[in-house]
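Open the structure in your viewer and keep the selection tool ready. Each stop below says what to select next and what is there.

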Amino acid sequence: MERRFMTPASRSFVRFTLATILFYVWGTMPGRTAPVSGQIVRGQVVDSLSGAPISGGSVILLDVSGSETQRTLTDTEGLFLIRAPSSGTYTLRVEAESFLASNFPAFALALDQMEAFRLLVSSERPPAVAVDPAVVQLLESACGADFVPDQPVILGQVLAPGSLEPVDAAEVVMTWPTVPDFLQAHAGYENATGAAATGSTGFYAICGAPVGTDIVIHAESQRAVSELVKLRFENNGVFVGDSFLAMTIPIWRQDFTLYSGGEMTGSIRGIVVDTSGARVANARITVVSTNFMTRANLVGDFNLTGLPPGTVRLSVEQVGYRQMQTDVLLEPGQALTLPSTAFAMVRAPVALDPIAVTAERPERRRTLAEFEKRRATTTGSFMTREEWTRLGVVDETVDVLRRLRGLRIVRGPDLTQPWLITSSRGGGRGSFNSTLTGGACFPLVFLDRRYLGNTSQISVERSMNLMDLEAVEYHSSTAGMPAEFNRTGAVCGVLVFWTR
């Protein structure tokens with residue numbers, strides 16, 4: 001992820017995050033490698049607007065319970081030094097006249113270790129911004145009481161796929177990190193999300209967009225999703241990708257056209273490893289603020305399919321590791337393979353005290369009423385998590401598929417497609433994959449009603465992690481097939497996965 005340091009020009013970002021406190025570690029601070037006696041915390045406190053040092057401010061060292069252990073005052077250069085009473089986890093708090101009291105993220109301090117920080121705090125009274133009265137009137141009409149004069153407003157229209165008709169009640173979702181770029185390696189990733197709904201004309205308004213941080217914004221309606229767009233408001237303008245556009249008024253027009261399920265054919269393949277190069281199994285990979293999700297398999301490989309184009313913000317999580325996040329640019333229909341260094345997870349083991357839990361058996365997260373109705377009224381083949389768990393010999397998704405009538409499963413050509421999943425009844429015109437031999441007929445694949453492609457285009461056993469599935473159904477014939485799954489290519493059958 002690109003890293004930027006705050007400059008005095010990024011004033012509006014500071015105004016937007018008056019309650020957000022910024023800091024970064026000085027890894028190259030003079031004296032960093034000098035011998036340390038005791039546990040030392042040192043650094044400098046500065047004004048986040050001007051960069052000027054703040055003298056006479058109180059720097060307070062708090063322990064994990066929030067109790068004060070030590071405090072000191074900054075000198076004329078804003079410098080401070082505190083000796084911690086012991087090793088452990090601490091936080092810093094800064095209190096200075098005319099500045100907001102500021103709490104900073106926790107950090108670990110080992111025995112005889114020194115940590116150095118630069119602490120940025122915000123003024124209690126940000127300078128006023130002059131805005132043209134006509135612009136104020138326009139923004140007030142769009143945002144009403146939510147209008148904030150010194151923050152950008154995003155306006156636009158959401159259009160339907162194909163017809164380009166306005167979409168009523170579509171949701172426009174905006175996500176941005178609450179922790180600045182340069183701090184994320186130390187404080188982790190935390191995302192905030194805002195949303196706006198369209199009216200009958202398809203128009204929406206987001207009032208008070210964050211400044212100085214990377215926003216990813218998209219529209220969605222039912223199962224249709226738009227392109228994912230990355231914006232960064234900064235220096236009286238906006239970065240769209242690598243391009244910078246100056247803004248004479250604080251209004252940005254961003255229209256969206258939705259993609260239907262069949263048009264979302266992008267995919268991202270990669271490997272999750274740790275910093276030693278060892279593969280990380282079963283990591284959870286998500287596209288932030290969307291429903292797109294998969295898990296890495298036992299050797300760390302993952303494949304996200306059925307994606308819309310744009311800036312895809314990927315988040316990778318696994319117990320025992322720090323969360324990782326990165327932005328990936330995906331062209332329409334692109335099959336992107338990430339380098340092995342894209343996700344090198346840092347170990348962060350967590351010691352858990354033993355606990356005893358007594359609880360009722362949880363209800364399923366997904367209702368299977370429609371699933372059971374189709375089982376009773378169609379000729380399809382069905383299986384639920386409860387059923388395959390009772391078998392006791394099901395370890396992978398492909399083990400479940402072997403038990404569905406009408407499917408034929410054989411070894412695939414290589415590691416990227418270890419199994420070929422085809423229909424045992426043969427195919428019709430247009431249903432064959434010419435790159436494979438034998439005239440195989442490949443069923444269509446749906447995940448929670450979202451069309452992903454057919455089994456020649458996606459590796460089902462690599463994309464569908466058994467731990468995430470609640471039920472699977474297969475319809476081998478278009479006769480009696482539910483209308484929502486009957487589309488071109490369905491002559492080879494339809495394989496439908498339902499997540500928990």
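Predicted model: local features only at pLDDT ≥ 70, side-chain atom pairs only at ≥ 80, totals over all residues.

Residues are numbered from 1 along each chain as its sequence is written, and side-chain values use heavy atoms, with hydrogens and water left out.

**Stop 1: strand β22 and its partners**

Select residues 284-287, which are strand β22. Helices (H or I, at least four residues) and strands (E, at least two) are DSSP runs, numbered from the N terminus. Two strands pair if DSSP finds at least two bridges between them.

Across the pairing, Thr 286 stands opposite Met 293. The hairpin has 5 residues between the strands, and in it Ser 289 takes a positive phi near 70 degrees.

Next select residues 310-317, strand β25, which pairs with β22 in the antiparallel sense over 4 bridges. Here Arg 284 stands opposite Glu 317.

**Stop 2: a cavity**

How many cavities of 30 Å³ or more does a search of the whole structure find? The search gives 2. A cavity is a set of points, on a 1 Å grid over the protein atoms alone, where a 1.4 Å probe fits but cannot get out; lining residues have an atom within 4 Å of a point. Grid points are joined across faces, edges and corners, and a volume is the space filled by probe spheres set on the points.

Go to the second largest cavity, which holds about 80 Å³ of space. To show its lining, select Phe 292, Met 293, Thr 294, Asn 303, Leu 304, Thr 305, Leu 447, Arg 450, Leu 452, Ser 463 and Met 464. Strands β23, β24 (301-307) and β33 (450-454) each supply at least two of the lining residues, and β24 gives the most, with 3 residues. By class, the lining has 6 nonpolar, 4 polar and 1 charged residues. Ala, Val, Leu, Ile, Met, Phe, Trp, Tyr, Cys and Pro count as nonpolar, Asp, Glu, Lys and Arg as charged, and the others, Gly among them, as polar.

**Stop 3: the disulfide**

Select Cys 441 and Cys 492, which form a disulfide (a pair of cysteine sulfur atoms within 2.5 Å) with their sulfur atoms 1.7 Å apart. The pair links distant parts of the chain, 51 residues apart: Cys 441 is in the loop between β31 (417-423) and β32 (444-447), and Cys 492 is in the loop between β34 (469-475) and β35 (494-499). The torsion about the S-S bond is about -100 degrees, so the disulfide is left-handed.

Are these cysteines buried or exposed? Buried means under 20% relative accessible area, exposed over 50%, and partly exposed in between (1.4 Å probe, protein chains only). Cys 441 counts as buried because its relative accessibility is 2%, and Cys 492 counts as buried at 0%.

**Stop 4: aromatic rings**

The whole structure has 7 aromatic pairs. Rings of Phe, Tyr and Trp (its six-membered ring) pair if their centres lie within 6.5 Å; planes under 30 degrees apart count as stacked, over 60 as edge-to-face and the rest as tilted.

Select Phe 239 and Phe 244, a tilted pair with 4.9 Å centre to centre and 55 degrees between the planes. Phe 244 is partly exposed, with a relative accessible area of 37%.

Then select Phe 371 and Phe 382, an edge-to-face pair with 5.2 Å centre to centre and 90 degrees between the planes. Phe 371 is in helix α4 (residues 369-377) and Phe 382 in strand β29 (residues 381-384). Both Phe 371 and Phe 382 are buried.

Finish with Phe 446, Tyr 451 and Phe 485, which ring pairs link into a cluster.

Terms used
1 Å grid on protein atoms, 1.4 Å probe; cavity = no way out; pocket = protein on both sides within 12 Å on 5 of 7 lines; lining within 4 Å.
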